[in-house]
Amino acid sequence: MATFNFDLCVLPPEAETLREEVRDFLRVELAQLRPEQRARSWGGFNREFSKKMGAKGWVGMTWPKKYGGHERSSLERYVVLEETLAAGAPVSAHWVADRQSGPMLLNFGTEEQRERFLPRIAKGELAFAIGMSEPDSGSDLASVRTRAEKVSGGYKVNGTKIWTSNAHISDYCIALFRTKVVPDKKHEGLSQFLVDLKSPGITIRPIYDLAGGHHFNEVHFEDCLVPDDMLVGKDGEGWKQVTSELGFERSGPERYLSSIQLIIELIREAGKEPGERAAVTIGRLTAHLITLRQMSTAVAAMLLAGKNPYLEASVVKDVGTSFEQEVPEVVHALLGTEPRLNSGTQFERTLGYLVEHAPSFSLRGGTREVLRGIIARGLGLR
Ligand SMILES: Cc1cc2nc3c(=O)[nH]c(=O)nc-3n(C[C@H](O)[C@H](O)[C@H](O)COP(=O)(O)OP(=O)(O)OC[C@H]3O[C@@H](n4cnc5c(N)ncnc54)[C@H](O)[C@@H]3O)c2cc1C
């Protein structure tokens, strides 16, 4: 039977040197950020901060220099990401493109697309959204119905994308559309496109979350013309491309650090001499966090070595998001603190934000049930 393999990874010295540089930068840049704002972390969107990250050379770090990248190792990139997330930095104005849209273009884009988009992404100037889910296609992504019909000069798009995070404040979106209907073969006839979100024919409507926040959207296309040169990769090869894109977003520190601000606040609240229950809880959460980090860095090292650790990456996402969801529950059970949204102490508000958002941690990027199905198949159990 297939099994998991997590080789321990020791980060190289240059990554640890970089860590200090990143910490010093963040200490200054985020000095005014309150814990409840830091808890938003990779939901946070701040173009000025993203440009500063770009100026530091911390966006598109691993990409070739000729496309504005810095040819640094993926383990150095890992350190930048883990430090920015642990500090609660607002990364999403650059990070979606850094994590997946940019690598997509590197892998499948034309030379012209790479030259046009990658340098601006690396400067932190371009924000990307992800246009995969549709009202009837989430887990079953291959059933997308938004049509991109070939016309003179491009493709005419009609349909609706949903849950498109930050589409209302982003510049572009990489979207999956159906360019051909192949009866009984839903994985065929799909294609990926770079879409300028300001194009005529696009209407972006807000969807408000449980806490009243607006980051989700419904993106409606009505006879929207997407030019030929915005097709990414080959017409009809979208499924193969999109599944490789999903692989970019499974096992990074974003899959176990979403509740870190609450752990930090718990430690602060417990003080220098915590009671026994608090000490045990903090010790247990810390042990879990360190183990998850070792699993996640092991996957990063396997990717660097050219292996394909998709099973291990899926396990990190499953166990990591379960941990992220457990933290607010454990803190509430330990201290009885009331979760609050717009009143109360910083601690109560940080807890309030995470209680409201934790359910989504195991949905975004593919649900827990679907992930477990992938793991079971990989182990030969189904
Ligand atoms: C915070 C957040 C941000 C998001 N941002 C984006 C974004 O920017 N762009 C984008 O395209 N999408 C985004 N999504 C959408 C996300 O990818 C989907 O919500 C997710 O893929 C699930 O799809 P669905 O909501 O249609 O649920 P469904 O697929 O309808 O699933 C409903 C339930 O059925 C279960 N289920 C479905 N199929 C199976 C199966 N085969 N076996 C077992 N159980 C199954 C699921 O686990 C789930 O519990 C985001 C979601 C969240 C929560």
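Helix α10 of this predicted model comprises 26 residues, 310–335, and reaches 38 Å from its first C-alpha to its last. That span is close to the 38 Å expected at 1.5 Å a residue. After the helix comes G336, whose phi is positive, near 70°.

The partner considered here is helix α11, residues 346–361, which packs against α10 at an angle of about 145°. The axes of α10 and α11 lie 10 Å apart, and their crossing is left-handed. The residues that meet across this pair are tabulated below.

| Helix | Residue range | Residues in the α10–α11 contact |
|---|---|---|
| α10 | residues 310–335 | K317, T321, E324, Q325, P328, V331, H332, L335 |
| α11 | residues 346–361 | F347, L351, L354, V355, A358, P359, F361 |

By class, the residues of this contact divide into 10 nonpolar, three polar and two charged.

Charge pairing forms a separate topic. Side chains of opposite charge can pair when their charged atoms come close. The structure holds 28 salt bridges, one of which joins the side chains of E111 and R114 at 3.3 Å, N to O. E111 and R114 both belong to helix α6, residues 111–122, and stand three residues apart, about one turn of the helix. An α-helix has 3.6 residues a turn, so residues three or four places apart point the same way.

Methods:
Residues numbered from 1 in each chain as written. Predicted model: local features only at pLDDT ≥ 70, side-chain atom pairs only at ≥ 80, totals over all residues. Heavy atoms only, no water. Helix = DSSP H or I, 4+ residues; strand = E, 2+ residues; numbered from the N terminus. Expected span 1.5 Å × (residues − 1). Axes fitted to C-alpha atoms, helices over the stretch in contact; angles between N-to-C directions. Left-handed = near helix turned anticlockwise from the far one by under 90°. Contact = heavy atoms within 4.5 Å. Nonpolar A, V, L, I, M, F, W, Y, C, P; charged D, E, K, R; others polar. Salt bridge = Lys/Arg side-chain N within 4 Å of Asp/Glu carboxyl O.
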